[in-house]
Amino acid sequence: MTELRVDHLIKDWGETRAVNGVSFVAKSGTLTVLLGPSGCGKSTILRMIAGLETVEEGQVRIDGQDITHEDPAKRGVSMVFQSYALFPHLDVRENILFGLKVRKVGATEREKRLREAAEMVGLQDFLQRKPSQLSGGQRQRVALARTIVSKQPICLMDEPLSNLDAKLRAEMRDEIHLLQKSLELTMIYVTHDQTEAMSLADQVILLRKGEIAQVGTPLKLYEEPATGFVAEFIGTPPMNVIDRADLGMAFEGVERARFVGVRPEKIRFSDNGLLVEVLAVDYMGAETVVKVKHGAALILARIEGRPDVYPGAHLNIEWNDQDVHLFDQQGDRIE
């Protein structure tokens, strides 16, 4: 069990600051997700932890030891890449064992670790195949097995599921979560997919333009978003964040409130609520997402089942006062 601490990391690409003063702690045996849109700096942070990018300012520590400028091979971390990074001319067996051979681990120990890892990820019948003979999911399992045999206490994952289809992503997500818990790994997982973040993470670090927008559990980010950006990024569909002026609403005692946030699932049809026009109806099976308009405000409502509504219809919507989130002129949360 190993703790990772990152303090005030800074990285510049020319005149662009890719990472700006990022600090966080990943506690031993937990899964921390670095989440955010493309270009927010999450993969750069991961590569700085791994030693694949230089750190201009700040510090990376593992169990209190400063490894900021340590050789990547001596940091005690393993990494799973988006591209799998497999050797095409080696079979599955040799791909899994490659790192152990480089570190001169004995043959008996190598075979023991190989058997254990192959069984954990279901590759025992594929050890003689080349990567070109494997599916995308199987290739990802090879990358996972390589991490397992390394027995490094910290595992870094850079968007490992982005090349897989939706069904396989869900299956592999569950496998990664089970492996992380069973091996008690301290895992840092990079993704732009908030579904992965919400289902996997003990801790989510949401990034925006190289800075941390909010740190917390998935529940904390969902129920108490610190800013309008967090509110709109977390959730499917995202929270409606609407200029108060477009709704014509006043909030007594909260004059600073500029934006109103309401989750789509908290909105319901009513007889005398806010009058809206239906723009689109997306039937999703168990639920329907209805896009409506009130003046300049566009609002999404997530309704159970299949409501009898259609584009062009006029109806009323409402929500409970306790389901409202308020944000000020800068987009910061108002308690």
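This is a short tour of a predicted model, stop by stop.

**Stop 1: helix α1**

Select residues 42-50, which form helix α1. How many of its nine residues are buried? Seven are, and the helix is mostly covered. Colour these buried residues: Lys-42, Thr-44, Ile-45, Leu-46, Met-48, Ile-49 and Ala-50.

While a helix is on screen, recall one rule. An α-helix has 3.6 residues a turn, so residues three or four places apart point the same way.

Now step past the end of α1. Gly-51 follows the helix. Its phi is positive, near 90°.

**Stop 2: His-8**

Go to strand β1, residues 4-13, and pick His-8. His-8 has 42% relative accessibility. Buried means under 20% and exposed means over 50%, so His-8 counts as partly exposed.

**Stop 3: Glu-159**

Move to the loop between β7 (154-158) and α5 (166-183) and select Glu-159. This residue is another non-glycine with a positive phi, about 45°. Is Glu-159 buried or exposed? Glu-159 is buried: its relative accessible area is 13%, and the cut-off for buried is under 20%.

**Stop 4: the cavity**

A search of the whole structure finds one cavity of 30 Å³ or more. The largest cavity holds about 50 Å³ of space. Which elements give two or more residues to its lining? They are α4, β7 and α5.

- Leu-144, Thr-147 and Ile-148
- Cys-155 and Met-157
- Ile-176, Leu-179 and Gln-180
- Leu-185 and Met-187

Now colour these residues by class. Eight are nonpolar and two are polar.

**Stop 5: a cis peptide bond**

Finish at Pro-237. Look for this proline in the loop between α8 (228-233) and β11 (240-243). Zoom in on the bond that joins Thr-236 to Pro-237. Is this peptide bond cis or trans? The bond is cis, with omega near -5°.

Note on methods
Residues numbered from 1 in each chain as written. Predicted model: local features only at pLDDT ≥ 70, side-chain atom pairs only at ≥ 80, totals over all residues. Heavy atoms only, no water. Helix = DSSP H or I, 4+ residues; strand = E, 2+ residues; numbered from the N terminus. Buried < 20%, exposed > 50% of the residue type's maximum accessible area, 1.4 Å probe, protein only. 1 Å grid on protein atoms, 1.4 Å probe; cavity = no way out; pocket = protein on both sides within 12 Å on 5 of 7 lines; lining within 4 Å. Points joined across faces, edges and corners; volume = space filled by probe spheres on them. Nonpolar A, V, L, I, M, F, W, Y, C, P; charged D, E, K, R; others polar.
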